[in-house]
2 protein chains.
Amino acid sequence: MKRVNPARRIQSDLEADIRSGRLRPGDRIPIEQDLAGQYGCARATVSKALGELTAAGLIERRRKAGSFVAHPPVHSAVMTVPDLAELIEARGETYRWEGRSVRTLGDAKDRESPPVLRIEGVHFGGDDPFALEDRIIELSEVPSAADVDFKRQAPGTWLLAQLPWTEARHAIRAVGAKSAEARALQVAAGTACLELERDTWRSGRSITHVRQLFPGDRFDLVAEFGNSPA
Amino acid sequence: MKRVNPARRIQSDLEADIRSGRLRPGDRIPIEQDLAGQYGCARATVSKALGELTAAGLIERRRKAGSFVAHPPVHSAVMTVPDLAELIEARGETYRWEGRSVRTLGDAKDRESPPVLRIEGVHFGGDDPFALEDRIIELSEVPSAADVDFKRQAPGTWLLAQLPWTEARHAIRAVGAKSAEARALQVAAGTACLELERDTWRSGRSITHVRQLFPGDRFDLVAEFGNSPA
DNA sequence: CACCCCATTATGTCTAGACATAATATCGAA
DNA sequence: TTCGATATTATGTCTAGACATAATGGGGTG
């Protein structure tokens with residue numbers, strides 16, 4: 001038995017056994033001591049391999065009890081949320097942002113309605129409207145936003161460069177375009193659209209809230225995934 | 001300086017520095033040797049901590065060059081794709097599956113069109129149709145599916161218990177309900193619906209393909225996420 | 001000046017052994 | 001029989017030191 005990268009060998013052997021069904025959910029994996037003997041390596045090495053399999057959601061480890069093949073192969077998908085400009089340019093089209101309305105709302109003195117910037121605009125791919133955007137930026141968190149001309153600069157791209165977020169929540173649903181929205185997107189009223197609503201935070205404090213509306217035929221959200229987010 | 005869980009301390013200290021912006025993307029992190037001295041622990045311990053930060057997408061490590069704060073805080077979301085039955089019951093409604101059509105297609109001898117089971121049906125939450133499903137199951141991969149009565153048993157739930165998948169691909173888009181679909185879902189034709197198309201594989205071999213159609217007002221896909229998929 | 005080779009450096013991986021910790025199994029007492 | 005203390009066991013974490021490996025920066029050569 002060659003001793004190249006024992007950790008990887010253990011990991012990929014077990015992974016193969018699990019994926020192929022030779023090891024089934026709930027099955028017990030030999031204890032680390034035995035695996036170490038079997039592969040001729042130290043227990044720490046086995047432990048590292050098992051640790052990575054745990055992170056990948058393939059196995060579950062319990063003190064004293066041992067390690068087991070994880071139960072329901074986790075149903076979580078890693079969804080990539082790309083920058084719109086990048087996405088459109090990747091398609092070979094020219095990206096353009098058209099700011100329609102930029103207003104400052106709220107008041108620093110009023111705790112109930114802190115000062116925010118409200119921006120509405122349209123993302124274009126070539127000559128076609130690609131998405132309608134309605135965004136609110138918390139000025140208390142991003143004061144420099146007040147000095148930017150969001151009629152010309154897309155707020156998403158700017159914000160990202162300025163102050164990347166650390167937490168977010170997305171809601172995705174299908175809605176019919178209202179007449180004003182339909183006009184902006186150059187589609188018929190009632191056209192099925194994908195609505196993406198995103199709240200982002202940094203260190204627990206809200207930065208921005210955005211609602212994007214994509215005509216159904218112009219956008220697919222794709223989520224790819226195996227078990228490991230690696 | 002207390003020496004409790006040095007690995008975690010290093011990890012959370014760096015994480016705090018990065019999230020707060022004290023360390024900015026591209027910044028260099030002290031070399032492992034120095035961190036080890038600073039925290040009074042072994043280099044292996046520092047290495048483990050940095051390894052986990054790498055997995056979480058917070059830092060990037062390069063041989064000889066050193067470790068750096070990762071560039072664009074990764075925009076990947078962990079999206080949970082729950083079992084429909086579970087989801088509806090979690091809402092306090094009664095789940096019911098109504099199989100509408102179950103047919104066997106294809107031929108074992110024909111390589112171009114292997115034998116498959118095609119199932120159409122509707123998921124109900126209480127008395128309301130919740131989703132329309134159109135599914136194809138590869139009989140060569142799941143032969144026992146031929147013996148199940150999918151008019152009564154929901155195929156998704158059954159398949160999951162039978163043969164969990166290891167890879168999948170989702171496409172999400174908005175479409176208007178066609179008239180037959182609208183009838184089945186008891187909504188007006190053209191109503192905006194969320195279309196979820198999922199292909200699943202096990203060890204690289206296709207198991208099932210499913211298309212689910214949700215009336216826009218009855219379903220929200222929600223993706224929650226910080227940076228770490230942990 | 002351009003190019004290739006090599007020493008240096010920081011990460012990557014591993015070992016053997018130690019102690020900590022949590023969960024289970026066992027045994028004794030009420 | 002049931003409950004609670006205790007021993008056992010397998011994972012969790014750490015250390016100090018070793019060697020491997022890849023990338024960089026420099027130096028020498030054409």
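I began with helix H2 (residues 32-39) of chain B, which packs against H3(B) at an angle of about 110°, the axes being 8 Å apart. The model I am reading is a predicted one. Angles from 65 to 115 degrees count as roughly perpendicular, and H2(B) and H3(B) are therefore roughly perpendicular to each other. I then listed the residues in this contact: B:Glu32, B:Gln33, B:Leu35 and B:Ala36 come from H2(B), and B:Arg43, B:Val46, B:Ser47 and B:Leu50 come from H3(B). By class I noted four nonpolar, two polar and two charged residues in the contact of H2(B) with H3(B).

Next I looked up helix H1 (residues 6-20) of chain B against helix H3 (residues 43-55) of chain B. Their axes are 8 Å apart and the packing angle is about 45°. H1(B) and H3(B) are therefore oblique to each other. I recorded their crossing as right-handed. On the H1(B) side I found B:Pro6, B:Ala7, B:Ile10, B:Gln11, B:Leu14 and B:Glu15, and on the H3(B) side B:Thr45, B:Val46, B:Ala49, B:Leu50, B:Glu52 and B:Leu53. The contact of H1(B) with H3(B) holds eight nonpolar, two polar and two charged residues. I marked B:Val46 and B:Leu50 of H3(B) in my list for H1(B), and B:Val46 and B:Leu50 also stand in my list for H2(B).

**DNA strand C**

I counted 25 residues around DNA strand C, and those that come nearest are A:Pro6, A:Arg8, A:Thr45, B:Arg43 and B:Arg61. Which part of the strand faces the protein? A polar backbone atom of A:Pro6 is 3.0 Å from a phosphate oxygen of DNA strand C. For A:Lys48, a side-chain N or O atom is 3.4 Å from a phosphate oxygen of DNA strand C. The side chain of B:Arg43 has an N or O atom 2.7 Å from a base oxygen of DNA strand C. Elements giving two or more residues to the surface near DNA strand C are helix H1 (6-20) and helix H3 (43-55) of chain A, with H3, strand S2 (59-62) and strand S3 (66-69) of chain B. H3(A) supplies the largest share, four residues. I sorted the residues of the surface near DNA strand C into six nonpolar, six polar and 13 charged.

**DNA strand D**

Around DNA strand D I also found 25 residues, the closest being A:Arg43, A:Arg61, B:Pro6, B:Arg8 and B:Thr45. Of the atoms of DNA strand D within 4 Å of the protein, 72% are sugar or phosphate atoms and the rest base atoms. From A:Glu32, a backbone N or O atom lies 3.1 Å from a phosphate oxygen of DNA strand D. A backbone N or O atom of A:Lys64 is 3.2 Å from a sugar or linking oxygen of DNA strand D. I noted a polar backbone atom of B:Ala7 at 3.3 Å from a phosphate oxygen of DNA strand D. Two or more residues each come to the surface near DNA strand D from H3, strand S2 (59-62) and strand S3 (66-69) of chain A, and from H1 and H3 of chain B. The largest share of this surface, four residues, is from H3(B).

Key: Residues numbered from 1 in each chain as written. Chains lettered and ligands numbered in written order. Predicted model: local features only at pLDDT ≥ 70, side-chain atom pairs only at ≥ 80, totals over all residues. Heavy atoms only, no water. Axes fitted to C-alpha atoms, helices over the stretch in contact; angles between N-to-C directions. Parallel < 35°, antiparallel > 145°, perpendicular 65-115°, else oblique. Left-handed = near helix turned anticlockwise from the far one by under 90°. Contact = heavy atoms within 4.5 Å. Nonpolar A, V, L, I, M, F, W, Y, C, P; charged D, E, K, R; others polar. Near = heavy atom within 4 Å. Polar contact = N/O pair within 3.5 Å; in protein donor to acceptor, adjacent residues only side chain to side chain.
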